[in-house]
Amino acid sequence: MSRPLRLLILGGTSEASALVAALAPRRDITPVLSLAGRTRNPKPAAVATRIGGFGGVDGLRDYLVHERIDAIVDATHPFAERISANALEACANERRPLLVFTRAPWPQKDGDRWIEVEDIEAAVAALGIERRVVFLTQGRLQLAAFARAPQHRYIVRAIDRPDAFNALADAKLILARGPFALIDEERLMREEGVEYLVSKNSGGASTYAKIEAARRLGAKVVMLRRPEAPGAESVTGLDAALDWIEAHRPPP
């Protein structure tokens, strides 16, 4: 019999959670879930978990060698460019197979009022100079950029209190963890009088309700385009990810 496959899962997404749930009962695979540590109280996982960065490409390379990792599944957020680039380089250097397990971006539908932008600075500019009520869901790390447009009222939703929240002159903070139902997203946006929603095009079903709610209410969506995917094999379905893992078992 082959020894158990030692698999590193770069996580933090619903895709990673689904993969962990599928692999946890198995004895022929030893998965390790790696989380960046940006959320203070992540949901507990049913497999071994490490929290924190690796220290760049060299640190990740050392980890692969010392922990005898056979393969990596990059199931990080589609906008987590740095760790994905590091994983691609580290796997190439150490000759480890790498799979990107992601989700397709959201397509624009009839009734959507999207303003597509390339980066957070363009997103701030797209809000204009007149006072608007803006729902921010693009991530806490880019929150400070909106302090440069203090004329707006911001509704900020996050899992943990963002460090940059106090930089916003007029803002309301909602601490909550998704997924969120469509009826609740529509109620929130209506009660707060949201005119603009700022979001990354993350794709997937778990956070799509806010996009649908904006469509129903006629709110504009400032949508950050997804960066180019790393040059690695990529799948968007759990079954395809599991098939890839089966195909990359170590020899007996």
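Modeller: Let me begin with exposure: a residue counts as buried under 20% relative accessible area, as exposed over 50%, and as partly exposed in between, using a 1.4 Å probe and protein chains only. What you see is a predicted model, in which local features need pLDDT of at least 70 and side-chain atom pairs count only at pLDDT 80 or more, while totals for chains, interfaces and linings use all residues. Residues are numbered from 1 along each chain as its sequence is written, and side-chain values use heavy atoms, with hydrogens and water left out.

The structure holds 20 salt bridges, a salt bridge being a side-chain nitrogen of Lys or Arg within 4 Å of a carboxyl oxygen of Asp or Glu. One of them joins E130 to R132, with 3.5 Å from N to O. R132 is partly exposed, because its relative accessible area is 25%, whereas E130, at 53%, is exposed. Another salt bridge brings together the side chains of D170 and R131, at 2.7 Å from N to O. Since D170 sits in the loop between strand 8 (153-158) and strand 9 (171-175), and R131 in the loop between helix 4 (120-126) and strand 7 (133-136), this pair ties together parts that are 39 residues apart in sequence. The helices (H or I, at least four residues) and strands (E, at least two) named here are DSSP runs, numbered from the N terminus. D170 has a relative accessible area of 21% and is partly exposed, and R131, at 49%, counts as partly exposed as well.

D28 is partly exposed at 28% relative accessible area, and R249 is partly exposed at 25%. Both belong to a network of salt bridges that links R26, D28, E246 and R249.

Now to the two helices themselves. Two packed helices are described by the angle between their axes and the distance between the axes. The axes are lines fitted to C-alpha atoms, for helices over the stretch in contact, and the angles run from 0 to 180 degrees between N-to-C directions. For helix 1 (residues 14-23) and helix 7 (residues 238-247), the axes come within 10 Å and cross at roughly 55 degrees. That makes helix 1 oblique to helix 7, where angles under 35 degrees count as roughly parallel, over 145 as roughly antiparallel, 65 to 115 as roughly perpendicular, and the rest as oblique. The crossing of helix 1 past helix 7 is right-handed, which is the name used if the near helix is turned clockwise from the far one by less than a right angle, left-handed being anticlockwise.

From helix 1, A18, L19, A22 and L23 meet L238, L242 and I245 of helix 7, contact meaning heavy atoms within 4.5 Å. By class, the residues of this contact between helix 1 and helix 7 are seven nonpolar, no polar and no charged. Here Ala, Val, Leu, Ile, Met, Phe, Trp, Tyr, Cys and Pro count as nonpolar, Asp, Glu, Lys and Arg as charged, and the others, Gly among them, as polar.
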